[in-house]
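These are my notebook entries on a structure that I looked up for the first time.

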Amino acid sequence: MSTSSTSQKFRIPHPNESGCTLVGIIEQVTNNASIDMSNNLRPIALILHGVLGHKDYLFQKRLALRLPLDSCRFDFRANHESNGSWRMSGFDQDVEDIKAVVSHLTQLGYRVELVVAHSRGSVAAMRWISTTPEGRGISGFVNVAGRYRMELIDVYRTMWNEEFEKNGFAVWKARVAKKDVAFIVRPKDLDEFASFDTSYVWTEFPQSVDVLTIQGLRDKMVPPFDAIIYARAFSGRPYATHTLHLIEEADHNFFGHYDEVVNTMLGWWDNKTRVMATTGSDDAKPSFLVQPPFDHDSSGDCILQTPCGTQFKVFRNILSLASPVFKTMFDLPQPSISSSPTVDLANLPIIVVTETAKVMQELLRILYPMEVVQLRSIDLVFSLVEACDKYEIPLSKVVAAARDLFSKAWFTKLTTDPLEMYALAWRLKLSPDAERLSDHTHHADLKNDARMTKLVGQSGTLQSLMQLYDLRLRREKHIRVVMDAFKPRQYFCAHHKAKSQQQTSQFEKLMRNVLDDPNPVNRHIVPCLRTRPPAWPSGLRVVCGESPGCFSFEGADQRIENAILELFRLFLAHPDEIIGF
């Protein structure tokens with residue numbers, strides 16, 4: 001299979017990070033006039049690289065040049081040509097990057113039809129596919145060496161354990177696109193990485209997306225058995241297929257096997273498109289599988305139909321008791337139906353609703369007298385809140401289903417924007433949770449107008465933002481109190497003052513980093529106090545002949561300990577949460 005194409009580079013500002021620009025390339029096929037242009041949108045493949053990779057890394061460019069449809073590949077933020085911040089556990093950032101690029105492609109007249117992703121890119125891709133309308137609308141996904149058991153990262157812990165013990169962090173050095181790069185990794189980053197929940201793929205990954213998984217059996221980064229787990233998860237879906245391709249001699253990056261990887265993908269895609277052509281299209285596959293007791297085989301006296309055509313069989317009386325809006329809708333004249341609750345669907349009245357199938361099913365689940373199923377998607381909870389507002393349903397119904405999101409270990413199960421969780425707590429009127437979650441927003445850019453507008457919109461009140469402004473002001477004032485209490489010049493003679501001023505600046509920088517962590521505890525604070533002033537480097541701890549009051553004077557240990565105790569007290573008094581509402 002050979003195609004000719006033209007390359008078009010693009011740069012787009014990141015909507016969620018000020019000063020960040022994402023850089024990518026669109027390969028446009030020039031010799032294929034038979035491309036399906038349904039919905040007046042041109043299909044495109046999205047190609048995603050792995051950790052410390054880039055858009056032309058490994059097999060990506062080779063694949064782009066051979067695909068029979070247009071393709072887009074880009075550098076995730078802080079990788080190669082894309083700037084911005086990077087986190088070892090930043091899967092939420094990766095999903096945001098995908099959303100930004102897909103939005104750009106939509107503006108250019110594209111719809112994503114196929115996603116090909118390697119390693120970390122695959123983990124992010126599956127989350128995007130499972131949680132966004134654009135993702136659920138694709139027809140094919142290629143999972144190349146994607147990790148499932150996130151906790152199996154001994155290779156990283158072994159690599160950095162010595163640096164963690166020595167410095168409290170490690171520097172990950174690598175060579176990307178012929179350039180040396182370095183990123184800071186902290187122990188908490190590995191903890192968050194290990195706690196990222198991938199189990200949602202069993203229940204939330206779309207029922208109609210065909211999947212190809214490619215795995216090298218000599219992979220030392222991702223255990224090959226993870227591919228088997230994904231095969232089990234994706235093979236049980238009634239309306240889609242899963243294909244597993246193992247390469248015996250391939251490592252994590254498939255060095256020496258690029259042709260086999262690309263040929264496998266192209267063969268799988270060619271077979272898929274030929275099947276679609278034979279059956280007419282992929283439209284025969286339901287985009288959503290309705291669960292009992294709302295499916296066609298269940299009892300009910302009315303049909304709710306979503307914009308995509310998905311139908312839910314419901315009892316009007318149950319919904320009328322829960323929502324005055326539903327009651328009014330059902331009181332309007334409807335076609336007459338049989339008294340039998342199992343009457344043929346053709347004889348049931350159909351009411352069209354505007355919610356997506358996923359949102360409508362979860363809304364019905366919280367309204368019906370059935371066991372509450374805990375929701376794990378923040379986007380879904382926000383959508384349910386909007387639906388409750390629309391149908392005048394008490395938010396207590398949503399609160400009961402969203403309790404897991406606000407558990408004490410929420411941040412070990414989800415990697416998401418803390419501001420979204422904070423906004424959701426405000427929206428659901430959960431004051432204690434909003435207070436606790438505000439402690440995780442210290443790194444948020446409150447000067448980002450677009451992000452703050454989103455916060456106010458999600459929380460439903462300007463007060464959520466004003467409380468954060470107040471918290472920042474109180475924190476900054478207290479830092480000044482801490483620094484005023486730490487007066488190195490009063491403890492040093494003229495001979496040592498210049499050196500003390502340099503140490504003071506270093507101490508303030510480290511102190512801010514420590515206090516920006518949620519709830520800094522003793523194990524964070526004590527090393528800060530004892531590895532920076534007033535516990536000075538040994539080079540300054542010499543007998544000073546100028547002044548017995550100098551910290552460098554022999555016998556100054558007691559004064560140092562007194563300074564440490566005072567600073568420790570001030571650290572513990574540092575404001576870290578909003579006052580409440």
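**Entry 1**

I began with an open sheet of 8 strands, whose order is 1-2-4-3-5-6-9-10 and whose pairing is mixed. I took helices (H or I, at least four residues) and strands (E, at least two) as DSSP runs, numbered from the N terminus. I counted two strands as paired if DSSP finds at least two bridges between them. The model is predicted: local features need pLDDT of at least 70 and side-chain atom pairs count only at pLDDT 80 or more, while totals for chains, interfaces and linings use all residues. Residues are numbered from 1 along each chain as its sequence is written, and side-chain values use heavy atoms, with hydrogens and water left out.

Which strands stand at the edges of this sheet? I found strand 1 (5-13) and strand 10 (242-247) there, each with a single partner strand, so one side of each is left without a neighbour in the sheet. From one strand to the next, the twist averages 20°.

I then followed the pairings. Strand 1 and strand 2 (residues 21-29) are antiparallel, joined over 9 bridges, and Arg11 stands opposite Val23 in strand 2. Helix 2 (residues 91-107) packs on the sheet, where I noted that it touches strand 1, strand 2, strand 3, strand 4 (70-74) and strand 5. The direction of helix 2 makes about 155° with that of strand 3. For such values, axes are lines fitted to C-alpha atoms, for helices over the stretch in contact, and angles run from 0 to 180 degrees between N-to-C directions. Contact means heavy atoms within 4.5 Å.

Is strand 5 (residues 110-118) largely enclosed or largely open? I found 9 of its 9 residues buried, so strand 5 is largely enclosed by the rest of the structure. Buried means under 20% relative accessible area, exposed over 50%, and partly exposed in between (1.4 Å probe, protein chains only).

Strand 5 pairs in the parallel sense with strand 3 (residues 42-48) over 7 bridges; the bridge partner of Ile44 is Val112 in strand 5. Strand 5 is also parallel to strand 6 (residues 140-144), with 5 bridges, and here Ala117 stands opposite Asn143 in strand 6.

**Entry 1. Helix 7 and Ser235**

I looked next at helix 7 (residues 225-235), which lies across strand 6, strand 9 (210-216) and strand 10 and runs at about 165° to strand 10. Ser235 belongs to helix 7. Ser235 is partly exposed, with a relative accessible area of 47%. The C-alpha atoms of Ser235 and Val211 are separated by 8.9 Å, although the two residues are 24 apart along the chain.

**Entry 2. Helix 5 against helix 6**

Helix 5 (residues 154-167) packs with helix 6 (residues 187-194) at an angle of about 155°, and their axes are 11 Å apart. I therefore recorded helix 5 and helix 6 as roughly antiparallel to each other. Angles under 35 degrees count as roughly parallel, over 145 as roughly antiparallel, 65 to 115 as roughly perpendicular and the rest as oblique. In this contact, Tyr156, Arg157, Trp160 and Phe164 of helix 5 meet Pro187, Leu190, Asp191 and Ala194 of helix 6. By class, I found 6 nonpolar, no polar and 2 charged residues. Ala, Val, Leu, Ile, Met, Phe, Trp, Tyr, Cys and Pro count as nonpolar, Asp, Glu, Lys and Arg as charged, and the others, Gly among them, as polar.

In helix 15 (residues 418-427), 9 of the 10 residues are buried, so helix 15 is largely enclosed by the rest of the structure. Among the buried residues I noted Glu420, Trp426 and Arg427. Just after helix 15, Lys429 takes a positive phi of about 60°.

Helix 12 (residues 378-391) packs with helix 15 at about 25°, with the axes 11 Å apart. That makes helix 12 roughly parallel to helix 15. The residues of this contact divide into 7 nonpolar, no polar and 4 charged.

Strand 11 (residues 302-305) and strand 12 are antiparallel over 4 bridges, and Gln305 has Gln311 as its bridge partner in strand 12.
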